[in-house]
Amino acid sequence: MKIAIAGNGAFGTQHMKAIQNIPDIEVISLTGGRPAGTEEFAKTWKIPHWTTDLSESLAQPGLEAVIIASPTQIHADQAEKAMRAGKHVLIEIPIADSVADSERLVRVQKETGVIGMAGHVRRFNPSHQWVHNTIEAGELHIQQMDVQTYFFRRQNMNAAGQPRTWTDHLLWHHACHTVDLFIHQTGSLPVAAHAIQGPLHPELHIAMDMSIQLKAGDGAILTLSLSFNNNGPFGSFFRYICDNGTYKALYDDLVDGFDKPIDVSHVDVSMNGIELEDREFFAAIRDKREPKSSFAEVLPSMRTLGELEKQLIS
């Protein structure tokens, strides 16, 4: 399968690493923002064609699909262009930074009939898959998800410590991971949603601290704290407080409430959530089926973010 990557930042790199472990996938084109960095990335990963114009990538002979890992603000427009060109699309989280654009992507996907998938990697991390499978087996019921998403990002830098050409967002990016996972794990939509935020950064004009609470229809609650001001270990730390045990997940790893490791090596074919996400995308294309975390499936999460945003700007 011949594919293209749009975006040569930290997550473009993560997808390239993951693809090395997936047979029969060939990255034939790269679209980037700045010529020098795009060319360097293409040389590093031996991608034969690079450009700063997505249309050039979409015109490459035999191209079937595009993984979009570009700045959030252009996700929706790039994805629509790719879908209207008949290409299957995987968008790194979030699919968009507004409800309107998210709904547009769902409409275009239905119109074109191509695969449209959201890169909601938390659904694919072996740690969260283990919890999900245990819930599905009737052995667990979530009472509360307590999540801390912490970074020290007072300058506009990406996860690799490089300057960004765009501005990240606690709500539309980082909260998106947890809001979607909460809906996925509980299997029910929020019946209550609350959000508050701290002061805006004087230069970036975004909130650096945020707190979100959700209540699912089944009674489970979510407590989510987010910060770009936390000077310490960074990442998202998930605590599942359940009726039958407590579990803590950090990316692909899982421990119980007393930090005893849980073996999740048997959960899926890889221990890398990004790789599992990409494998699902390619499998859905080959099987001609709706992927897990399709645009339509994650739309309730995007609508929940929209409701939270109204509270933050009111």
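These notebook entries record what I looked up in the structure.

**Basis**

I worked from a predicted model, in which local features need pLDDT of at least 70, side-chain atom pairs count only at pLDDT 80 or more, and totals for chains, interfaces and linings use all residues. Residues are numbered from 1 along each chain as its sequence is written, and side-chain values use heavy atoms, with hydrogens and water left out.

**Entry 1: the nonpolar cores**

I looked up the nonpolar cores, each a set of buried Ala, Val, Leu, Ile, Met, Phe, Trp, Tyr and Cys residues joined through side-chain atoms within 4.5 Å. Buried means under 20% relative accessible area, exposed over 50%, and partly exposed in between (1.4 Å probe, protein chains only). The largest nonpolar core holds 69 residues, and I95, M145, L171, I212, Y240, L305 and L308 touch the most other members. Helix α7 (residues 170-186) contributes the most to this core, namely nine residues. Helices (H or I, at least four residues) and strands (E, at least two) are DSSP runs, numbered from the N terminus. Another core, of 23 residues, lies apart from it and includes M1, I5, V27 and L90.

**Entry 2: L171 and M210**

I listed contacts, meaning heavy atoms within 4.5 Å. Beyond its neighbours within four places in sequence, L171 contacts C176, M210, I212, L305, L308, E309 and L312. I then turned to M210, which lies in strand β9 (residues 209-216). M210 counts as buried because its relative accessibility is 5%. Not counting residues up to four places away in sequence, M210 touches L170, L171, I196, Q197, L224, S225, L226 and L312.

**Entry 3: cysteines**

I searched for disulfides (pairs of cysteine sulfur atoms within 2.5 Å). The whole structure has zero disulfides. C176 has 0% relative accessibility and therefore counts as buried. C242, at 10%, also counts as buried.

Helix α4 (residues 75-84) has seven of its 10 residues buried. These are H75, A76, Q78, A79, E80, A82 and M83. They pack against β1 (2-6), α3 (54-58), β4 (65-68), β5 (88-92), α5 (99-112) and α9 (295-313). After α4 comes G86, with a positive phi near 85°. In helix α1 (residues 10-19), I found A10, G12, H15, M16, A18 and I19 buried. The buried residues of α1 pack against β1, β2 (26-31), α2 (35-44), β4, β5 and α8.

**Entry 4: the second largest pocket**

On a 1 Å grid over the protein atoms alone, a pocket is an open set of points where a 1.4 Å probe fits, with protein on both sides within 12 Å along at least five of seven lines; lining residues have an atom within 4 Å of a point. The second largest pocket has a volume of about 270 Å³. It is lined by 18 residues, of which R123, F124, Q129, D268 and K292 are the closest to its centre. Helix α6 (126-136) gives the most to the lining, with four residues.

Most residues other than glycine have a negative phi, and most peptide bonds are trans. I noted that the peptide bond from I93 to P94 is cis, with omega near 0°. P94 lies in the loop between β5 and α5. H205 has a positive phi near 60° and lies in the loop between β8 (190-197) and β9. H205 is exposed because its relative accessible area is 57%. D259, not a glycine, has a positive phi of about 65°.

Definitions and conventions. Points joined across faces, edges and corners; volume = space filled by probe spheres on them.
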